[in-house]
Every structure is written in C-alpha cells, then in structure tokens.
Amino acid sequence: MIRDITLGQYYPVDSVIHRLDPRTKLFGTLVFIVSLFLADNLAAYAVATLFLAVVIRLSHVPVSFIVRGLKAIVVILLISVSFNMFLTPGTVLFQLGFLKLTWEGLKIAGFMALRLIYLVIGSSVMTLTTTPNELTDGLEKSLGFLNKVGVPVHEVSMMMSIALRFIPILVEETDKIMKAQMARGADFETGNLIQKAKSMVPLLVPLFISAFRRATDLAMAMEARCYHGGVGRTKMKPLKYARQDRIGYLVYAVYFAAVLAVRAVL
Amino acid sequence: MAIRAEHLNYLYGAGTVYEQYALKDVSFQIQDGEFIGLIGHTGSGKSTLIQHLNGLLRAESGALYYNNENIYQDGYDMRGLRSKVGLVFQYPEHQLFEVDVFSDVCFGPKNQGLSKAEVEQRAREALIQVGLDERFWQQSPFELSGGQKRRVAIAGVLAMQPEVLILDEPTAGLDPKGRDEILDEISALHKEKRLTIILVSHSMEDVARYADRLLVMNRGEKLFDGPPKEVFSHYRELEAIGLAAPQITYIVQDLRRHGVPIAEDITTVEEARDEILRLLG
Amino acid sequence: MGIIKASRLIYDYVRRDEADQVEEVSRAIDELTLDIQKGDFVAILGHNGSGKSTFAKQLNGILLPTDGTVWISGMDTRDDSCIWDIRKTAGMVFQNPDNQIIGNIVEEDVGFGPENLGVPTDEIWRRVDESLEAVGMTAYRLKSPNKLSGGQKQRVAIAGVMAMRPECIILDEPTAMLDPTGRREVIATLHDLNRKEGITVLLITHYMEEVIDADRVIVMDDGHLVMDGTPRQVFSRVKELKTYRLDVPQVTELAWELKQAGLPLPDGILTMEELMGALLPLMKEKFPEQVSLEVE
C-alpha cells in the first residue's frame, strides 16, 4: 500500500509543466487549493475540473498513474463522505434505523469528496512534475523571508530533500526486515491490537538502528564533501523565472477570476 | 526428498510497465542432506527463489513440494514450513533487535510456542553450534563485529531446528579469514547435523570448495544444474552472464589447451596442486 | 614530501560511561608513519578491525590524530583553517553507496560538492559534465540514484568527489557491498582516473584481486603498518599474509604451494600468464610430444 502513494514521487518526463519554475508551481498549487475551498457550486467545479484536466494533459503524466495515488486516501474519503451523508440534517431521502440519508448531506458529501480528491490530485501533479530538489529549492527561496525571524529555512529544506531520497530506501528495508523476522516465525498479521503493537518491536528496532546508522554515515559523507550549511553555497540549478512562468501566473489570474465569477453569478 | 519445485513463475510489478519475470519456469529437486550452491549475479532471481522455498513469496504459477507435500494447498502450515526451512538473510542487521544476544536467538523458538526451558535450551545449543563464545551471550548484538553478528543471525535460525538451512551471502563484507571461518561452520553443520544447506553466493571459489551441486540462475531462469566441475566446464557461458569460473578452472583449461594431460574436473587449489605435482613427479 | 604523509600517527577510540568518565581506551592506530607520492595507485589491505578505515578517516579530517601528525599536500589536518582545502584535496568515497548519495538525481548529486565550495553555476555544470564522463555515467545523469546498480552508485559517488577537483581520492572499502560485476566496474574506473587524470588513488580493501594492479600495497594489522611494497613483493609472502587474516588470489596461492613442494617457480606470481609462462616449460620437459608452448 505504501508503494501506491504517488504524492512526493517524481515522474521523469519532459513537459512544459516540468519546466516551470518550482515557485510558479507552488504558487499555482496554492491558488488551486484556495479556489477549491471557494468553489461551492457545480459550475465552479467544472472550471476547476477543466483547469486540472488541462494541466494534467500538459504534464504528460498518465492519468492512471495519478489516480493510483488516490488509493492511499480511500479510507479517509469513505469516512468523511459517510459522516456527511448521514449526519447532515435536511430532507430525508432514505432511512435505515437511526441513519438518515438527506439530500443536503448527499450534496455536501459530494462536494467534500470532490474537494478532497482534487486536493490530492492537484498536489500530486506538482510533486510528480517537480524533482524533490527543485521543490525544496523553491520552498527555500519562497520562504527565504522567514530567515529573518530565525527559521533555518535552508536546513529545513535540505532535511526535506534528504527525507524524500531515503523514503524508497527505507520502504525496501522495512520489507526486508519483515521477511527476515517472518523467517523466524514472527507474525505481523494476527492477534489483537496490543499483540500487534508488540509484534512491531522486532521490525522497528532494526529499522531505527539502520536509520540512525544511515544518518551518521550521511552526515560524514556530506562533511567530506565540504558541506557546511547554506552560507557561501552556490547553486547548480539556480531558480530563474522564464517566459512560461509569466504565462503561468497569467493563467492563474484568469482561472481564479473565473472561479470567483462563476461563484458570484450562479 | 526435501524440496521439489515444478515450473515456478514469479512476476515483479505485475500489470505495470515494469513487469518482469523474476522467476521463469524454474524446476529442480533437492534431496535431503545435499549442499547446494546457488549462484547468479544481482537480479538473477536467486533471492526471489529462496524466498519461495520457505513460503515468503508465492509463485504465480507452478508447484512447490516440501517432503512431498504441496505447500500451496489450502490449509498448509506456512509457519511450520518456515521453521523447517530456515532462511538467514544477507544482513544480520535486518534481524537483530533484542537487548542481548541470547534473547535474540530465543526469538525464533519462542515464536514456535515452546516452553521457556526448551527455548533456552535450543538457544544455547544453537549458539554453541555456531561457535560464539559464551562471554558474548549477554552482550548487545549491536556491539559485535561483523562476523559475530553473522553468527548470531545464523544461530537465531538454527535455534528453530530447521531441516533445511538457506543462507543468503553469509560472507558478504567479511574479511578472508572471517569468510573462511563462517563457511567452515556451515560445512560443519552440514556434516555433523546432516542439515540440507543452500548457500547463495557470488563467489565461485567459495561454492567450489563446499557445494556438492550448483544451481546457476540467470534472468529468472535456471541455467545450469550439476556438480561444480560440470558447471565450471561451461566457463565461457558463465562469463557471458557476468559470472566467472574459479581462477583454477582457467588454469586447468589453459594447460589442457597446451596439451598437458591434466584431469579436467579440478576446481580447488589443493586438487590442482596435487594433480600438477603428480604429473611432474 | 608526498601528497599524503603521516608521522608517528596515533589514534585512540575512547569509550565513556554516562558520567563522561573514560571507560575504555582502544588504540586503533599505533605510531603509523607513511608517505604517499602524488600520482600513485596505493592499496591498503587489512582484515576488519586492523585500523585501515580509521586511518582513512584521518586523511580528510573526519577524525583527528590523538598524537602524531597527518599532512595532506603539506596541510596539517589539525589546522582548522585548512579543513575545507584538505577535504577538497583529498576526496573520500565510503563503503555503503546508499548512505553517501545526497541528490535525488545523479547530476544533482555530482554537483553537491562544488555547490558547497561556492563554485559559480557555469563552472559547476562544466565539472559535473566532465566528472560524469570520467566515470562513464553520462548516460545516467538524469536517473534517480535508487534505480542504479551498486557499482553504478559507487561510480556516481566517485564522480561527486571528482567534481571537487581533488588531487587524491581515498576509498574506504568501496566494493565491500557490491557483486563481482560492480566490483570490477569500480576498480576499472579507479585505474582509469589514475592513468588519465593523474589522480592519486588510495584504495582500502580486503579483496586481494583488486590490488594486483596497484603501484604499491600496504598491509595493516592491529594499527601497525606491517608490509609495504609492490604487489609482487607483498604477495610472495603468502604465509605472512595469512597470519594477518588475509588471503592471496588463487593463482598466487597455487604458485606458492607448488614452489613449497619444490618446483622451480619464481616468487610472487600474480597473473595466470606468469604462472603459465613458468609452468609450461616444466610440462614440456616432462611431456615433450604432447605439450606445445604456443597455441593459436
């Protein structure tokens, strides 16, 4: 299941979306998320759908790949949808015991589900088209003003970048440790909650020790390559706005205006 | 008969663009008490194969029998199989977790549901078998040297009293002496405890010295299956897939090419020395 | 003075208990004196725990001497103001390929060192191009390191060091976690860099086959330097090597065994060709009709 999470993964193809400056994409994602919370009718969602469809098309990332990322949120989705469906007061459509399905509930649940799905898809499109390094560079630069209030922006973004690199390595390692312990008769599946939690010890101890080991090794390797924080560092890929970014910002403006207009008019 | 595999197939990433056979139509038999060397380079399918033998992975198609019982039939006791077919993974760091060596070795037999006395008895026996000195038993497994960790990991599986012992590259990262010591321990287990051994290795020199029979894997398929001397006679094919026969094989082949009447089935330094001295004697 | 020089180097690992009191002191390096010439390919052999990795970490200031001195290109490693120059001059490659690659894309990882050194952007790109070319990894520059084989990852790590324009590369058991193909790949790359770019290579290993082409072989045991010479000189002392928990390649061992049994063979045979050259005349003498010295 952990392999299905597309959020945070990079899909290596070339496209106009891939070439956008990460700051442009970060800002665009922000605009899109805000628009989702403002959209409260079908027409506004139609605009959002169109926008998302065009972006996905331009990104050259297969739709099936993006949709797979939704598997990870199915449970959250089902829970929030059913809560909204049955617990919203209003015109009763159908009743089963104390559960009342209302028209209003259905509507809210529908929008809610759409919002959640678009939210995940929207942010996955950003991570799928932006390498983790670009992403952290973008964050570092956009949030640079926080440096003044004492937030170590460079360190935090370096940390994020390294974390992203080690996720797949640790996922694989977890799998190996599980198998090594299963070969010794460990059982990770059956038993009650307490037994299950206890059975995690043989998995978590080796995993933590390995992670700490990797961290010290990595720190040594970084020092050996003259890493000494963000001061005096140059960039191999400095961020530079280009023509497509200016177009991007224009598109956002138009899109945002369209959502607001549709919302006001209908 | 211990293990019989019939037409095993296993796919990685089934249904995606990355779909690839990790095992393709693999069949073989392993008799009780054999010492098998399983060879192949990274990605050849040898790691996938050994995980099938104790049921950690399940083939897409094909059948696998342990002591003539189909392990894929409904209700087959998989956990029971895992204690009969012991698998020691490559890195001991992946399994050591307890506060001290002795408790760590107890983990396997404890999972088998044995009494405390029995569990401790087995752990003691296993630690003695792998030759780990008693002064290490109460130490943290994380403070041991590479070779000692490896011994604890092997003891952790031995304590379950398996009939078949599979070791995935037990010598990786050890220095030459450490490597010889571990291999000698394994060989002793084979001789004294009559365990069936499957040794996974990249090193032709190592398997030539210990194994009765070699299985060579390449791209998920079984390429060769036979005694070392027979497999090494295919040294050209072995080279083509990125493996090489032991250096000794090349020397013998070269001598024969020059017309020296040296026996062909020589695979170790000792055999070569004796044969050359006999010829010149 | 050579590019790497150690004089009466001592290093103690100190273990402290919770109250910060010294609990145990173990000497990892004991009065090691060594001088390595620029442009040489030097191999350091030793069993696990012989002190060879500790020595490697002394060479770019990751560890500092307890006593004695280490100079890199004339700079004392204890001089704080030189530390970045030392690390730039003596680049280091470690054992585990996964734990030293920082970038999420090959080329970004190679650029990491120059970025830290404050090299201008254009120059970083030039260095990344050249370094990837030098280790033969240009075709993989846009790949994720996670998709590479062990040997390829180590070549990326070497490129990452090369991009800092070092004079010397120190490799701490770079092949211990690789399969035979990966091992050959890495060793061939190192010889290439040594020959073509004139990089001084210091290879720490316990695989004997990897050192027969070195200019010089040094054997460490228990923190001491115990053997020092050409591969031929060192490998002719098979018995002594075995006492240091080391081994020799099968060809060398066979030649040595035959010599012990009284055959007139030269000392320190390293390759199959040498063994054949010495053995065939003896065979020809014994079987004059059957044996031919030349075959097509």
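In chain C, 9 residues of domain 1 are in contact with 7 residues of domain 2, where contact means that the C-beta atoms of two residues, placed from the backbone, lie within 7 Å. On the domain 1 side that touches domain 2, the largest share, 4 residues, comes from helix 8 (residues 231-235) of chain C. Helices (H or I, at least four residues) and strands (E, at least two) are DSSP runs, numbered from the N terminus. Sorted by class, that side of domain 1 of chain C holds 5 nonpolar, 2 polar and 2 charged residues. Here Ala, Val, Leu, Ile, Met, Phe, Trp, Tyr, Cys and Pro count as nonpolar, Asp, Glu, Lys and Arg as charged, and the others, Gly among them, as polar.

The model is a predicted one, in which local features need pLDDT of at least 70 and side-chain atom pairs count only at pLDDT 80 or more, while totals for chains, interfaces and linings use all residues. Residues are numbered from 1 along each chain as its sequence is written, and chains are lettered from A and ligands numbered from 1 in the order in which they are written.

So much for the labels; back to chain C. Domain 1 covers 4-239 and domain 2 covers 249-296, with bounds from an automatic or database domain assignment. Taken over C-alpha atoms, the centres of these two domains of chain C are 37 Å apart. Chain C has 11 helices and 10 strands, and its C-alpha atoms fill a box of roughly 70 × 50 × 35 Å along the principal axes. Out of 296 residues in chain C, 52% count as buried; a residue is buried if 20 or more other C-beta atoms, placed from the backbone, lie within 10 Å of its own, exposed if 12 or fewer, and partly exposed in between. If we take contacts in chain C between residues at least 6 apart in sequence, 64% join residues at least 24 apart.

Chain C also meets chain A, in a contact that takes 28 residues from chain A and 33 residues from chain C. On the chain A side, helix 10 gives the largest share, 8 residues. That side of chain A divides into 15 nonpolar, 6 polar and 7 charged residues.

Helix 10 of chain A turns up again around helix 3 (residues 101-111) of chain B. This chain B helix is mostly covered, with 10 of its 11 residues buried, among them Val101(B), Phe102(B) and Lys110(B). The cover over these buried residues includes helix 10 of chain A together with helix 4 (116-129) and helix 5 (146-158) of chain B. After helix 3 of chain B comes Gly113(B), with a positive phi near 80°.
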